[in-house]
Amino acid sequence: MATIESLLRTAVLPDSPSAKLDAEWLLAAALDKPASYLRTWPEREVPAECEARFAANLARRRRGEPVAYILGRQGFWSLELEVAPHTLIPRPDTELLVETALQLLPSTAVEVLDLGTGTGAIALALAHERPTWRVIGVDRIAEAVDLALRNAQRLRLDNAVFCESRWFSALAEQRFALIVSNPPYIPARDPHLHEGDVRFEPSSALVAGDDGLDDIRQIIASAPNHLLSEGWLLLEHGYDQAPAVRELLAESGFVDVQSRRDFGGHERVSLGCRP
């Protein structure tokens, strides 16, 4: 019978940039143990059924399938979220959007909107950090809304609610103190769409026209009708799109337009205030 150490030593994931970590996560999941268990008990023998499950998951990873989809979960902020192939996998870069939102508004009772919520990651992180906020997450994909609702229920975040809507289409005249969004922003011909984990993620959550700005243009044009006076719009975008997004915000009448840099030094989030 193989041991934890031998299985990790012989695990081969040639095309993964994080092969060692991937193998550890997959083996821990097969054993239904935390990753720390592997380092504490490397000599432990692995039951045959767990070894078979690990081998099957390794095969999926070798085909390029993201670890998050294989495991059905992904960490974001301080939360663990259920994920599925019809939603974008939450990424650390998006935590900048959460940090920025938390800095802008006090802990008083306000209503916040998350456009294109997917797994509910942004909405749930904000709801977790600000129990006095009411956060509404919308997505045009019904399966995504159901997934976000399951995450909210499991995390017991009653101040986050979710509904189906194509951007603002189902929101009538509602206005918010803050609107946040991580919309699609990759140009249709970007070669990265055919590389790595992105190949398995839904293109509708990634691609936005020839320059990647189609959805951002639509959101910026419509947002003033759904923001309170002195309300903020925050948008995540590509590493090289900040100047274009700032220009779009200014053209739509937003003031105090600015961008924030991620840990890699890229301008990743742009924002503006409705006068």
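Guide: Contact means heavy atoms within 4.5 Å. This is a predicted model, in which local features need pLDDT of at least 70 and side-chain atom pairs count only at pLDDT 80 or more, while totals for chains, interfaces and linings use all residues. Residues are numbered from 1 along each chain as its sequence is written, and side-chain values use heavy atoms, with hydrogens and water left out.

Visitor: Is phenylalanine 162 buried or exposed?
Guide: Phenylalanine 162 is found in strand 5; helices (H or I, at least four residues) and strands (E, at least two) are DSSP runs, numbered from the N terminus. Buried means under 20% relative accessible area, exposed over 50%, and partly exposed in between (1.4 Å probe, protein chains only). Because its relative accessibility is 10%, phenylalanine 162 counts as buried.

Visitor: Which residues does phenylalanine 162 touch, not counting residues up to four places away in sequence?
Guide: The C-alpha atoms of phenylalanine 162 and aspartate 146 are separated by 8.2 Å, although these residues are 16 apart along the chain. With residues up to four places away in sequence set aside, phenylalanine 162 touches Thr117, Gly120, Ala123, Leu124, Gly137, Val145, Ala148, Leu149 and Ala152.

Visitor: How far apart are the end C-alpha atoms of helix 8?
Guide: The expected span of a helix is 1.5 Å times one less than its number of residues. Helix 8 (residues 142–155) has 14 residues, so it should span 20 Å; this agrees with the distance between its end C-alpha atoms, 20 Å.

Visitor: Within what arc do the buried residues of helix 8 fall?
Guide: The buried residues of helix 8 are Ala144, Val145, Leu147, Ala148, Asn151 and Ala152. They line one face of the helix, because their arc, seen down the axis of helix 8, is limited. The arc is that of the directions from the helix axis to the C-beta atoms, and the buried residues of helix 8 fall within 160 degrees.

Visitor: Against which elements do the buried residues of helix 8 pack?
Guide: Helix 8 is followed by arginine 156, whose phi is positive, near 60 degrees. The buried residues of helix 8 pack against strand 2 (79–82), helix 7 (121–129), strand 4 (134–139) and strand 5 (160–164).

Visitor: Is tryptophan 167 buried or exposed?
Guide: Tryptophan 167 lies in the loop between strand 5 and strand 6 (176–181). Its phi is positive, about 50 degrees, although tryptophan 167 is not a glycine. Because its relative accessibility is 7%, tryptophan 167 counts as buried.
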